[in-house]
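I opened the model today and kept notes as I went. The entries follow the order in which I looked things up.

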Amino acid sequence: MPPVRFVNVTKRFGKVLAVDRISLEVSDGEYLCVLGPTGSGKTTLLKLMAGLLLPEEGSIYIDEKPANHIGAQDRNAVYVPQRYALFPHLTVLQNVAFGPLARGKPVSDALEIASKTLELVRLSSRAQALPNELSGGMQQRVALARGLASGARLLLLDEPLSAIDARLRLDLRHKIRDIVRQSGLTAIHVTHDQDEAMSVGDEILILKNGRIQDSGPPRRVYRKPASIFVTNLFGGASFFEGIVDNTVGETALVSARGLVIQAPSRMLTLTSPVVLAVRKERVRLSFNQPPEMDNVFKGEIRNIRFLGSSNEYVIRLSNGDSIASRNFAESESEFKVGDEVLVSFREGDVMVFEYPPQGLSKELEIA
Amino acid sequence: MPNLDIFSVSKTYGNIHALSDVSLHVEDKEYVCVIGPSGCGKSTLIRCISGIEQPSSGEICIDGKSVEKTLIEDRQIGYVFQDIALFPHLTVRDNLAYGLAVRQTPANEMRTVTNEMLGLINMRDRARSYPIELSGGAQQKVAVGRAVATGARLFLLDEPLGALDAIVRAELRYELRKLASDLGLTVIHVTHDQEEALSIADRVVIMKNGRIIEVGKPAEIYHHPKTLFTANFVGETNLLEGRISRTESALSTSTIDIAGHRVNLPIHRKKVGQRVVISIRPESVMLSP
């Protein structure tokens with residue numbers, strides 16, 4: 001039984017369409033990540049699920065029961081807000097025990113649930129502290145623990161990790177994921193961090209201007225994104241504008257400002273304007289001619305960005321366009337700024353999109 | 001022009017040691033990123049440099065001169081933090097001119113400096129926009145520009161990109177770095193985003209419990225951390241405990257016994273029987289069927 005189903009749900013704030021005719025279904029036990037830029041409607045979507053906002057149009061079903069007019073307290077869902085909203089006069093333990101107490105558990109049980117949950121978020125040692133004695137990240141973990149301890153089956157997490165240290169965030173995101181799975185909960189996790197969405201979501205849903213741009217398992221969305229916007233938001237890529245010059249069997253030859261790029265020809269018609277996209281990690285750099293590469297171009301390294309586990313290069317191609325390459329395999333960069341290199345990628349790694357009516361740069365705007 | 005010296009600075013709040021014996025030298029035009037877990041003292045450090053907080057002991061010098069007696073407004077420090085503090089009722093141009101106006105700069109000079117600044121932050125076409133019409137990233141550039149216009153060359157950035165979307169943040173950090181280079185600024189940039197620090201800093205400072213644990217170039221910090229804390233804190237890693245079972249001084253290698261598995265590593269100056277922890281980055285681990 002799907003815990004959440006939306007049919008053509010619309011929510012307006014004055015003239016602003018925050019959520020625009022959204023239909024979706026979340027399965028029982030699913031961990032759904034909702035990704036989108038600021039103002040894309042993520043939080044509104046979550047609050048509609050929570051019952052904190054009511055829709056103007058469309059139907060919301062919670063556990064298959066019409067829920068358009070069912071308030072937050074009757075939904076078996078808990079909304080964990082971005083800004084902790086802890087009770088300032090209660091200790092950490094008391095804050096977490098609040099939910100179970102409110103649901104009628106005896107005090108001793110509530111406190112036991114609370115201490116177990118605090119262990120999960122690694123805050124047992126601060127159980128007796130007051131919220132304002134904790135750092136922001138710690139407070140967020142308390143808020144999370146309070147949500148987990150509430151006993152609700154549907155966990156609605158609004159940017160649960162955004163205020164937490166990067167290093168701890170990496171550990172915690174998997175931890176939350178595990179806790180949700182072990183407890184058999186269903187979770188909707190709103191984030192603007194694509195890595196977070198990619199690594200923890202069973203499914204992801206990408207929003208822009210209140211509309212769904214793409215949805216599916218992260219691997220599918222990454223490999224076959226529905227649009228230029230989704231490609232850019234989810235993983236990023238280098239983009240080229242071009243025109244289909246010729247098609248030979250399954251290969252299209254696309255002329256892009258002086259370069260001829262081989263791309264898969266699926267459904268392309270001659271002379272149609274297109275946008276090509278190549279993921280950074282699919283672009284190889286070498287000094288010598290690489291074997292078995294369909295697309296090889298000369299370029300000059302303009303920038304090298306050290307990212308720890310990888311190096312990212314920005315290369316200027318002979319036609320003036322830039323392409324990015326990310327190399328995970330090398331520990332020290334073998335290239336330096338100014339080097340003339342060969343840039344190569346396979347035809348199968350080129351994604352092809354119809355040229356957007358408003359132009360490429362408009363499509364790449366995030367917010 | 002500004003270089004910064006921090007000599008043995010400590011700061012206590014009651015029994016809490018927010019900073020303990022912190023020393024750091026920052027070169028003119030250097031871009032230093034400070035990272036560390038919440039509560040490590042990174043914000044306290046820059047608050048002490050700015051003059052908002054007074055160190056309990058130790059000395060801070062800008063260009064060799066102690067700042068103890070210099071008022072905050074005379075330190076010529078640009079301070080930019082996460083919550084963007086532009087005047088909402090002023091245009092970009094007027095925000096940039098504000099500091100100059102307060103100092104009663106003549107109108108024509110003010111116009112020249114403001115124009116120059118609009119060019120430097122690449123926002124000539126947004127001069128008449130109000131902050132609310134700009135993206136968060138663009139607003140932060142105006143905040144930097146405003147401080148530069150008043151003559152600040154030493155910049156303290158406290159999570160300047162913290163409020164922005166991940167994808168915008170990634171691009172903006174390079175713009176911010178370029179702006180600092182173009183303007184010749186000395187920058188201390190506090191962040192909790194290690195990738196941000198690694199990708200733009202000349203040097204990275206790692207802090208923990210009010211102390212500096214390690215300072216180094218990004219690649220040194222990542223590939224050759226001096227401490228276990230740094231290895232674990234910066235990037236992801238696998239930590240394995242073991243014991244040295246054999247050393248081969250001629251080859252400078254040691255054999256380490258890790259739960260019954262023998263691993264040879266190019267380390268020396270360790271004694272047989274010594275307990276060690278080895279760290280292996282995930283990208284260095286290969287899987288095969």
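**Entry 1: cores**

Which residues of the largest nonpolar core touch the most other members? I noted first that this is a predicted model. Then I looked up the core. It has 99 residues, and A:Ala145, A:Leu156, A:Ile188 and A:Leu276 touch the most other members. I checked which helix gives the most to this core: it is α4 of chain A (residues 136–149), with seven residues.

I then followed A:Leu276. I left aside its neighbours within four places in sequence. Among its contacts I listed A:Phe240, A:Gly242, A:Val254, A:Ala256 and A:Ile261. A:Ala263, A:Val350, A:Met351 and A:Val352 are also in contact with A:Leu276.

**Entry 2: domains**

I looked up the domain assignment next. Chain A is given domain 1 (4–232) and domain 2 (237–364). Their C-alpha centres lie 37 Å apart. The contact between them takes five residues from domain 1 and nine residues from domain 2. On the domain 1 side I found two nonpolar residues, three polar and no charged.

For chain B I read domain 1 (4–229) and domain 2 (236–284). The C-alpha centres of these two domains of chain B are separated by 41 Å.

**Entry 3: six-stranded sheet in chain A**

I traced an open sheet of six strands in the order β6-β7-β8-β3-β9-β10, with mixed pairing.

Strands β7 (residues 154–158) and β8 (residues 186–191) of chain A run parallel and are joined by five bridges. Opposite A:Asp158 I found A:Val190 in β8(A).

**Entry 4: four-stranded sheet in chain A**

I found an open sheet of four strands, ordered β2-β1-β4-β5, with antiparallel pairing. Its edge strands are β2 (16–26) and β5 (65–66) of chain A, and each pairs on one side only. Seven bridges join β1 (residues 4–13) of chain A to β2(A), and the two run antiparallel. A:Val9 has A:Ile22 in β2(A) as its bridge partner.

I also checked what lies across the strands. Helix α1 (residues 42–50) of chain A lies across β1, β2 and β4 (57–62), and runs at about 60° to β2(A).

**Entry 5: A:Gly201**

I picked A:Gly201, which sits in the loop between α6 (194–200) and β9 (203–208) of chain A. Is A:Gly201 buried or exposed? I counted A:Gly201 as buried because it has 24 C-beta neighbours inside 10 Å. Not counting residues up to four places away in sequence, A:Gly201 touches A:Tyr31, A:Leu32, A:Cys33 and A:Pro218. I also took the C-alpha to C-alpha distance from A:Gly201 to A:Glu30: 8.4 Å, with 171 residues of sequence separation.

**Entry 6: chain B against chain A**

Last, I looked at the contact between the chains. It takes 24 residues from chain B and 24 residues from chain A. On the chain B side, α5 (166–183), α6 (194–200) and α7 (218–223) each supply at least two residues. By class, I noted 10 nonpolar, eight polar and six charged residues on that side.

Definitions and conventions. Residues numbered from 1 in each chain as written. Chains lettered and ligands numbered in written order. Predicted model: local features only at pLDDT ≥ 70, side-chain atom pairs only at ≥ 80, totals over all residues. Pairing = 2+ DSSP bridges. Contact = placed C-beta atoms within 7 Å. Nonpolar A, V, L, I, M, F, W, Y, C, P; charged D, E, K, R; others polar. Core = buried A, V, L, I, M, F, W, Y, C linked by C-beta atoms within 7 Å. Buried ≥ 20, exposed ≤ 12 C-beta atoms within 10 Å, placed from the backbone. Domains from an automatic or database assignment. Axes fitted to C-alpha atoms, helices over the stretch in contact; angles between N-to-C directions.
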